[in-house]
Amino acid sequence: MRPLQNILVFQGGGALGAYQAGTFEALHSHGIRPDWLAGISIGAINSAIIAGSPDEHKVRNLRDFWDMVSSGLDYGVMPQDHFGKRMLKDWSVLAGSMTGIPGFFSPRLATPYQMLLNPDYRISHYDTEPLMKTLERLVDFDRINTGKVRVSLGAVNVKTGNFAYFDTSNTRLCARHVAASGALPPGFPPIEIDGEFYWDGGLVSNTPLQYVLAADSYDADLCIFQVDLFPARGRMPRDLLEVDARVKEIRYSSRTRMNTDEFARKQKIRRAARRLLEKLPPELQDDEDAALLRSIGVEYDVTLVHLIHRSAAYDSHAMDAEFSRATVEENWKAGYDDAMRTLTHPKWTRRGRPRNGIQIFDLAQDTARDEGATDHMPAAMPQRAAKARRT
């Protein structure tokens with residue numbers, strides 16, 4: 001039996017990132033410990049908190065962060081009707097944009113110093129120094145840089161436009177690397193690291209899945225939990241606000257399924273290359289073309305689990321900027337429930353080895369897909385409580 005490597009892949013998505021925290025709580029409760037965390041934007045923040053906390057404090061520190069960023073918009077109760085929820089969410093977006101989010105970002109004041117001497121004032125609306133202080137308080141970067149868990153955070157170079165990953169395999173991470181991954185313009189300023197300036201990696205690709213799958217030289221089988229905050233599939237918009245929301249979902253879903261389908265095709269080619277090499281006569285085993293096939297024929301099995309946040313009908317069009325306590329709790333609970341449903345689903349608990357080297361599960365919607373299988377059985381989405389409870 002080959003060893004198994006658990007990988008958590010976290011999309012960017014602002015306030016929706018509480019969904020990732022909920023999924024991690026469920027995975028943690030089932031004894032699943034990540035060997036690699038790859039994140040972008042809010043996914044980078046969640047990844048840093050998880051990797052930079054001792055095992056017994058990981059969930060507590062995530063809760064600390066999400067309680068803090070939602071503390072300024074805690075109304076105590078959420079309306080029960082959709083219209084009331086939509087209005088409260090829209091108000092929360094407006095209030096957060098005016099006052100900032102505790103422990104995350106604060107609005108820039110139009111003081112003479114800011115206007116004349118701070119170059120960040122001219123290219124961003126908010127100051128992310130509060131996030132730096134929060135990360136330094138919650139995250140043990142020595143643990144990240146010397147521990148066994150690999151951490152990869154995606155960002156984009158402002159001047160070159162090139163995508164970059166800050167990876168513990170070759171870089172010592174600090175709070176600035178995490179903040180750079182989440183520096184979404186024009187709200188947040190670029191972060192300078194070693195003389196270069198970086199913005200949010202979501203400008204290029206909002207998911208690190210492709211980066212993880214591109215690392216082809218694995219000596220272990222992989223179990224990847226891909227936690228997306230924007231669904232590629234959605235309903236037809238009914239007004240301009242829903243058009244804005246749907247455009248955001250499509251833009252930031254980052255073609256997750258296209259990437260997994262392409263990887264599944266590569267897995268089939270690997271298996272075919274191995275089988276072909278076994279059929280070659282001895283005199284062709286050292287042929288140049290055979291050597292090339294042998295280099296791509298390294299076999300490892302991949303199990304990919306999709307956990308995708310799906311918007312409710314009453315969600316704000318600016319759902320990624322809505323940090324009210326009620327919504328954060330709702331998103332956390334949704335992530336927890338989706339992950340628990342997946343981990344207790346018979347198709348997961350009775351899973352075998354993948355056929356053709358890959359199997360893909362999307363059990364939060366009660367569907368599972370094994371490459372080459374024919375038992376695709378979609379069912380209704382799980383019903384979620386309108387009022388979130390604390391987990």
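**Chatting through a predicted model**

Q: How many positive and negative side chains does the protein chain have?
A: There are 49 positive and 50 negative side chains in the protein chain, and the centres of the two sets lie 4 Å apart. Lys and Arg count as positive, Asp and Glu as negative, with His and the chain ends not counted; each charge is placed at NZ of Lys, CZ of Arg, CG of Asp or CD of Glu.

Q: OK, so how much of the chain is buried?
A: Of its 391 residues, 53% count as buried (under 20% relative accessible area; exposed is over 50% and partly exposed in between, with a 1.4 Å probe and protein chains only).

Q: Which residues touch the most others in the largest nonpolar core?
A: Ile45, Phe65, Trp66, Phe104 and Phe225 do, in a core of 72 residues. Helix α2, residues 42-51, gives the most to this core, with seven residues. A core here is a set of buried Ala, Val, Leu, Ile, Met, Phe, Trp, Tyr and Cys residues joined through side-chain atoms within 4.5 Å. Helices are DSSP runs of H or I with at least four residues, strands are E runs of at least two, and both are numbered from the N terminus.

Q: What is phenylalanine 104 in contact with?
A: Leaving aside neighbours within four places in sequence, its contacts include Ile42, Ile45, Phe65, Asp127 and Phe323; contact means heavy atoms within 4.5 Å.

Q: And what does the second core include?
A: That separate core has 17 residues, among them Trp36, Val212, Tyr218 and Ile224.

Q: New topic: where is serine 41, and is it buried or exposed?
A: Serine 41 is in the loop between β2 (36-40) and α2. With a relative accessible area of 11%, serine 41 is buried. Its phi is positive, about 60°, although serine 41 is not a glycine.

Q: What about aspartate 194, buried or exposed?
A: Aspartate 194 counts as exposed, at 79% relative accessibility. This residue is in the loop between β7 and β8 (196-200), and has a positive phi near 50°.

Q: Which peptide bond is cis, then?
A: The one from proline 185 to proline 186, with omega near -5°. Proline 186 is in the loop between α8 (175-181) and β7 (191-193).

Conventions
Residues are numbered from 1 along each chain as its sequence is written. This is a predicted model: local features need pLDDT of at least 70, side-chain atom pairs count only at pLDDT 80 or more; totals for chains, interfaces and linings use all residues. Side-chain values use heavy atoms; hydrogens and water are left out.
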